[in-house]
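Please look through the model below before reading my notes.

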Amino acid sequence: ELQDKARDNKNIIFTGFVQGQELEELYSNAYIYCLPSDLEGMPLSLLEAMSYHLPVIVSDIPANLEVGLKKECYFPCGNVEELAQKLQCNVSAPYHIENYDMSKYDWDAIAKQVNEVYLSLV
């Protein structure tokens, strides 16, 4: 099991469900964000990581592809070797922040668009 393999590595933490201040601390202190899922709806945790300007590595499932990251942020779903290679490259590189275009996820703009749809129906 993965937790058994990581038991002696103090840099790997299995947090379980977290929220609030603890979640903010994790994002604020992370070096990289990885989402190796093979099934997701809209990946909200990915969007949160992006809002913290974290470098990200995600599987190439449709929901993640829809976010529109740079090609090097994706790895083929299930390809453990390529995931490991991308993680190693990122961890070996100097830390950097990423600036993502988050404009299509702006809640105020989305709420305004929804309101306009409702008003057009009245």
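1. Basis. This is a predicted model, in which local features need pLDDT of at least 70 and side-chain atom pairs count only at pLDDT 80 or more, while totals for chains, interfaces and linings use all residues. Residues are numbered from 1 along each chain as its sequence is written, and side-chain values use heavy atoms, with hydrogens and water left out.

2. Sheet. Three strands form an open sheet in the order β1-β2-β3, with parallel pairing. Its edge strands are β1 and β3 (74-75), and each pairs on one side only. Strands are DSSP runs of E with at least two residues, helices are runs of H or I with at least four, and both are numbered from the N terminus. Two strands pair if DSSP finds at least two bridges between them. β1 and β2 (residues 56-59) run parallel and are joined by three bridges. C34 stands opposite I57 in β2.

3. Helix on the sheet. Helix α3 (residues 44-51) packs on the sheet and touches β1 and β2. Contact here means heavy atoms within 4.5 Å. The direction of α3 makes about 165° with that of β1. Axes are lines fitted to C-alpha atoms, for helices over the stretch in contact, and angles run from 0 to 180 degrees between N-to-C directions.

4. Loop residue. H53 is found in the loop between α3 and β2. Its phi is positive, about 65°, although H53 is not a glycine. H53 is partly exposed, with a relative accessible area of 31%. Buried means under 20% relative accessible area, exposed over 50%, and partly exposed in between (1.4 Å probe, protein chains only).

5. Salt bridges. The count is two, a salt bridge being a side-chain nitrogen of Lys or Arg within 4 Å of a carboxyl oxygen of Asp or Glu. D4 pairs with R7, the closest N and O atoms being 2.9 Å apart. D4 is partly exposed at 45%, and R7 is exposed at 59%. K70 forms a salt bridge with E98, at 3.3 Å between the closest N and O atoms. This pair links distant parts of the chain, 28 residues apart: K70 lies in the loop between α4 (62-65) and β3, E98 in the loop between α5 (80-92) and α6 (107-121). K70 is partly exposed at 43%, whereas E98 is buried at 15%.
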